[in-house]
Amino acid sequence: GYNNIGAALDFDNGSGDVFSEAHSNKLEAFVGSLMLDFRDTYFLSTTIRHDGSSRLGSNYKRGTFPGASAAVILSNLIDVRGLDMLKVRTGYGISGNQPEQPYASVGRWGVVNLTYQDGLYKPAYGLIQSANPDLRWEEKKEFNFGVDVSLVGSRLSASYNYFANTVGGLILNVSDYPNVPSKWANIIDMKGRGFELDLTYVAKDSPGLFWTTGFNISRARTE
């Protein structure tokens, strides 16, 4: 019956396979940050990461990724009738992505063929993935700029956000030559930019009823 494993014919006819999902990888991360707040008006935040991953090539296992953001609440510096809050903010940062595959940078061997000999199917082993010691971090560099404003006793608020980013060294599986096992490599760069605008109006704010209405528009482009 189907519970009798010994009755399986897959290994006798050469279609059986033995494999394991066991794997190991290491990721190290060191993070430092600094945040400043001056008179609840000026804000500055900086971070830096230094990461190391066993999944990357021997020449690029480590990467450093800094980031910084700043903001100023202009409504604390100017007095405009009807203006409750006006904030300008900006930021720039770099982040790194490692490949999802645990052994993406090394050469891997596996069964490439079966030969029938002496009444048994015998496996032939060969290279199934080429090594790439230059496989490096996939880096995303992102810039953003935004403005937040609140008017009329905070009944009307708006938020505008602009962003632009670049993904450098997108990791893809490619083959350099025909009949040569593929490898994971940093192939292309991608750029994106866009904006988002949010408007919110509090139409009614009373103990028995709270009613808000909003409007949103956004646009993003990738190339």
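**Entry 1**

I began with V152 and found it in the loop between β7 and β8. The model is predicted, so I noted its limits: local features need pLDDT of at least 70, side-chain atom pairs count only at pLDDT 80 or more, and totals for chains, interfaces and linings use all residues. Residues are numbered from 1 along each chain as its sequence is written, and side-chain values use heavy atoms, with hydrogens and water left out.

Phi of V152 is positive, near 55 degrees, and V152 is not a glycine. Most residues other than glycine have a negative phi. V152 counts as exposed because its relative accessibility is 53%. My cut-offs are under 20% relative accessible area for buried, over 50% for exposed, and partly exposed in between (1.4 Å probe, protein chains only).

I then looked up N179, in the loop between β8 and β9. N179 also has a positive phi, about 65 degrees, without being a glycine. N179 has 85% relative accessibility, so I wrote it down as exposed.

**Entry 2: the sheet**

I traced an open sheet of eight strands with antiparallel pairing. The order is β1-β2-β3-β4-β7-β8-β9-β10. Two strands pair if DSSP finds at least two bridges between them. The edge strands, each pairing on one side only, are β1 (27–38) and β10 (209–222). On average, neighbouring strands here are turned by 10 degrees against each other, direction ignored. For such angles, axes are lines fitted to C-alpha atoms, and the scale between N-to-C directions runs from 0 to 180 degrees.

I followed β9 (residues 183–206) next. It pairs with β10 in the antiparallel sense over 14 bridges. Which residue of β10 is the bridge partner of Y201? I found T213.

**Entry 3: rings**

I found three aromatic pairs. Rings of Phe, Tyr and Trp (its six-membered ring) pair if their centres lie within 6.5 Å; planes under 30 degrees apart are stacked, over 60 edge-to-face, and the rest tilted.

F65 and W137 are edge-to-face, with 5.4 Å centre to centre and 75 degrees between the planes. F65 is in β3 (residues 62–73), while W137 is in the loop between β6 (120–129) and β7 (138–151), 72 residues apart. Both F65 and W137 are buried.

Y160 and F195 are stacked, because their ring centres are 6.2 Å apart and their planes stand at 25 degrees. Y160 is in β8 (residues 156–174) and F195 in β9, so the pair ties together parts 35 residues apart in sequence. Y160 is partly exposed at 32% relative accessibility. F195 is partly exposed too, at 29%.

I also checked F43. The charged end of K87 sits over its ring, 5.9 Å from the centre. The rule asks for NZ of Lys or CZ of Arg within 6 Å of the ring centre and within 35 degrees of the ring normal.

**Entry 4: the core**

Which residues make up the largest nonpolar core? I listed eight: L56, F65, I94, A104, L135, W137, I171 and W184. Such a core is a set of buried Ala, Val, Leu, Ile, Met, Phe, Trp, Tyr and Cys residues joined through side-chain atoms within 4.5 Å.

I looked up L56 and left out neighbours within four places in sequence. Its contacts are K61, P99, S105, L135, R136 and W137. Contact means heavy atoms within 4.5 Å.

**Entry 5: S75**

I ended with S75, in the loop between β3 and β4 (83–97). Is S75 buried or exposed? S75 counts as buried because its relative accessibility is 14%. Beyond four places in sequence, S75 touches L83, D84, M85 and L86. S75 and A131 are 56 residues apart along the chain, and their C-alpha atoms are separated by 57 Å.

Terms used: Helices (H or I, at least four residues) and strands (E, at least two) are DSSP runs, numbered from the N terminus.
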